[in-house]
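Reader: Could you walk me through this one? I'm new to reading structures.

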Amino acid sequence: MTLPENFISLHRHEEGIRQQSIAAIEASPDLLLHAQALESAMNALDHFTRGYSTDEQDKLTIQLLGIRLFNTSASALKLLLSGYYQTSASQMRDGIETANLIDYFTIDPKLVSQWREADVKERWKRFKPVSVRAALGKRDGKKLTERRDEVYKVFSTYASHASPKGFRLLRPTPNGLALIGPFFEPTALTALFGEFAKNNVPSAMHLVRHFPNRTR
């Protein structure tokens with residue numbers, strides 16, 4: 001028994017699209033800046049989840065959420081470069097949701113253990129995404145709240161939830177035919193890569209705020 005040839009040819013096609021995506025990024029000063037910002041954010045996640053030694057349960061919980069955030073970012077990047085724009089955006093929304101939770105925990109350190117120790121019903125009641133965003137809204141004011149809600153809504157509509165608007169990310173052109181599998185589309189790459197970097201930098205900063213400065 002060997003791996004089906006269709007899987008091998010699909011991977012080959014994905015790798016071809018990845019090379020097109022990399023070439024497009026390297027040809028754009030703006031996209032290169034986005035790439036550098038994204039790398040810096042992921043480096044920060046790596047440092048504070050892998051390089052920051054602690055035995056405090058609350059900080060370990062934050063580190064585990066940071067690992068989830070790093071892996072989500074890496075998955076979104078791989079899917080984006082390979083031409084899976086909708087599924088990449090869905091991973092980005094998962095990252096936004098995780099980052100919101102991490103940010104929420106900065107309001108009161110006791111929330112970390114309450115979240116960790118709650119049963120499924122209680123955790124959903126107190127920490128579901130809409131409740132987290134509402135709590136952040138009370139802290140941050142109207143302008144940031146509207147921006148946060150709009151970003152979450154857009155990613156939900158076009159990626160995470162099945163909707164007619166989401167079909168746009170399955171089409172190389174607005175009114176063209178949808179394609180099955182990955183494809184290269186520079187407009188989608190540019191738009192999603194910019195949003196990716198814009199959201200990941202503050203996400204990493206939310207996690208960093210849970211760890212005090214120290215020399216080792």
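Author: Here are some questions about helices and salt bridges, with answers. This is a predicted model, where local features need pLDDT of at least 70, side-chain atom pairs count only at pLDDT 80 or more, and totals for chains, interfaces and linings use all residues. Residues are numbered from 1 along each chain as its sequence is written, and side-chain values use heavy atoms, with hydrogens and water left out.

Reader: How far apart are the end C-alpha atoms of helix α3?

Author: Helices here are DSSP runs (H or I, at least four residues), numbered from the N terminus. The expected span is 1.5 Å times one less than the number of residues. For the 25 residues of α3 (residues 57-81) that should give 36 Å, and the distance found between the end C-alpha atoms agrees: 36 Å.

Reader: Is serine 203 buried or exposed?

Author: Serine 203 sits in helix α9 and, leaving aside neighbours within four places in sequence, is in contact (heavy atoms within 4.5 Å) with Leu69 and Ala99. Buried means under 20% relative accessible area, exposed over 50%, and partly exposed in between, with a 1.4 Å probe and protein chains only. At 6%, serine 203 is buried.

Reader: How are α5 and α6 oriented to each other?

Author: Their axes are 8 Å apart and the helices pack at about 140°. Axes are lines fitted to C-alpha atoms, for helices over the stretch in contact, and angles run from 0 to 180 degrees between N-to-C directions. Under 35 degrees counts as roughly parallel, over 145 as roughly antiparallel, 65 to 115 as roughly perpendicular, and the rest as oblique. So α5 and α6 are oblique.

Reader: What separates aspartate 46 and arginine 50 in helix α2?

Author: Their side chains meet in a salt bridge (2.9 Å, N to O), meaning a side-chain nitrogen of Lys or Arg within 4 Å of a carboxyl oxygen of Asp or Glu. Aspartate 46 is partly exposed at 27%, whereas arginine 50 is exposed at 67%. The two are four residues apart in α2, so what separates them is about one helical turn.
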